[in-house]
Amino acid sequence: GGLLVLDPAAAMFGGVRQRKRARVTAVPPCVFAAAAAEEEALRAAPAAKRQRLREAPTLDALPDGCLFEILRRVQGARARGASSCVSRRWLALLGGIRASEIKRAQAPAVPDLNQVFVCDDEDEAEAASARPGRSERTLEGEGATDVALTAAAVADGLRGSLESVVVRGSHPTRGVTDSGLSAVARGCPSLRSLALWDVPQVTDAGLAEIAAGCPSLEKLDITGCPLVTDKGLVAVAQGCPDLKTLTIEACSGVANEGLKAIGRCCSKLQAVNIKNCAYVGDQGVSGLICSATASLAKVCLQGLSITDASLAVIGYYGKAITNLTLTRLSAVGERGFWVMANALGLQKLRCMSITSCPGVTELALVSIAKFCPSLKQLYLRKCSQISDGLLKDFAEAAKVLENLQIEECNRITLMGILSFLLNCSPKFKTLSLVKCTGIKDICSAPAQLPVCKSLRSLTIKQCPGFTDASLAVVGMICPHLENLDLSGLGAVTDDGLLPLIRSSESGLVHVDLNGCENLTDAAISALVKAHGTSLAHLSLEGCSKISDASLFAISESCSELAELDLSNCMVSDYGVAVLASAERLKLRVLSLSGCLKVTPKSVPFLGSMPASLEGLNLQFNFIGNHNIASLEKQLWWCDILA
């Protein structure tokens, strides 16, 4: 007649603890009834307590107006930040309080020393959080919501420290809307910069709030906001007279009236970028340029439906323009560029970039060179009318040109380049040729080879027809090169690079040989022996014939080398050991990405690299995660990418 008592945990998991048997006498039913009643009372007590708490009066029962008055009397950023964490309702109310509406507490006639101490401590915390490094907030992707933006405005804005807000993308269902911008406008009166990239739910109402609450705004960047129209820009123009930089890109609702208002009201405007806005035409661009003629220094126009008339206005009224970028202006013809140059207004133009504009012809470009006397940099990309004869005439007209970059202009040949160098300005320093398929070897060198002693930087990149013979000619005409970029010239071998190395009278400083897969250790060894005392950057990415022999030459000859890229080379653990033991070498950045012969045996040598090392790339090799973790401890000051 006994009972076996089981441990509940043991019974639950299928096991029985060994316990002594206990003889239990019969228990009257009334005892069980009393115990059950007691348990029921215990269960009912929390429920009753919860009911009493629900019935008790709380601040949430107050209407918004009363709670608003309470919250605007909360003193100190720390207390306001804590209040914003109570609920979304409190956060929304705090986000609706303008900085001017905060009720400041009056100092008592006889100060309380304890209270003064607390306030001083909080003021110190607020001052620390208001340093320049914390004056910007960035929201990206799914983290870009109204709640996050309002919280940022409450946390940083009400203390007056938030000067820049950047929103990149937006949450797909709870993204940034006019409500979030309203919170920023109310809480951040000192906001100076606002960038909205791909925020499709923002409308003119949000921009109007910013215009009303942030009169000190100096920079506005609106990209991919289809609901923003001219009304929003007009509001900004009227409310933000100090605006200096405006970027409007891919905003299908923006047309001409908004730009005209910006020009009329923003007399300090210095830079404007208008890109891919289908409804922006001559009226908008002309109105903006005419009104801002005194201050506007940088103009970028891309993918617009403007004609020759806009360029004529730029040429006449662009008296302060120093940088001009024109891209994909299909309706602008030769006449537009010619009139722009002959209007004689671009006297201060120093840098010009033209991409995919069919109106750029020989007549247009030579006119620009003649009538823009300050032009120092010219970038031409996908200009199908550019030819060798144009380059010669342009070189003769451009008296102070220092930098010429040509990309995907396939009618230009090496003969045209040689002619340009023969006639270029004595101040010319930089030449870049990228993806120009017309650059090929010449059968015979011209009778008079130019010697361009002023040229310091040469880039010949991804021009498949450029081989050893052309490179040898370059070496003869450019004796004072300091920067050399031959990336993507797979046909170049040691026979082409060695003459250039020998003919270079000044020390090379920056050399990129990425993708020159036919170069060998002989050329690299000759390079570092001849220029090791000046060489600071050397990139050999994809040079698959480079081995440890080059590293041995680098360790012996290079005393100034700071950056070395050996990605996808055939270097091994021995080469790494040689680099680590070089006493003269003080590398800051080393890349061994894709070096399949670098194994865990290199870890001790990498761990002994000098304290000058700041970046180490060990991606795509066989070192292993465990060894990477060990290296991170040894090189704790170094940024290791693996």
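**Confidence, helix packing and core**

Residues are numbered from 1 along each chain as its sequence is written, and side-chain values use heavy atoms, without hydrogens or water.

Residues 1–35 also stay under 50 in pLDDT, with 12 contacts beyond four places in sequence. Low pLDDT means that predicted coordinates should not be read in detail. The protein chain averages 84, and 77% of its residues score at least 70.

Helix H7 (residues 146–155) packs with helix H8 (residues 178–187) at about 5°, their axes 8 Å apart. Helices are DSSP runs (H or I) of at least four residues, numbered from the N terminus. Axes are lines fitted to C-alpha atoms over the stretch in contact, and angles run from 0 to 180 degrees between N-to-C directions. H7 and H8 are therefore roughly parallel, the term for angles under 35 degrees. Asp146, Leu149, Thr150 and Ala153 in H7 meet residues of H8 including Leu181 and Val184.

The largest nonpolar core has 168 residues; Phe337 and Leu513 have the most contacts inside it. Such a core is a set of buried Ala, Val, Leu, Ile, Met, Phe, Trp, Tyr and Cys residues joined through side-chain atoms within 4.5 Å. Buried means under 20% relative accessible area (1.4 Å probe, protein chains only). Beyond four places in sequence, Leu513 contacts residues including Leu486, Ile524 and Cys543.

How values were computed:
This is a predicted model: local features need pLDDT of at least 70, side-chain atom pairs count only at pLDDT 80 or more; totals for chains, interfaces and linings use all residues. pLDDT is the predictor's confidence in each residue, from 0 to 100. Contact means heavy atoms within 4.5 Å. Helices (H or I, at least four residues) and strands (E, at least two) are DSSP runs, numbered from the N terminus. Angles under 35 degrees count as roughly parallel, over 145 as roughly antiparallel, 65 to 115 as roughly perpendicular and the rest as oblique. Buried means under 20% relative accessible area, exposed over 50%, partly exposed in between (1.4 Å probe, protein chains only).
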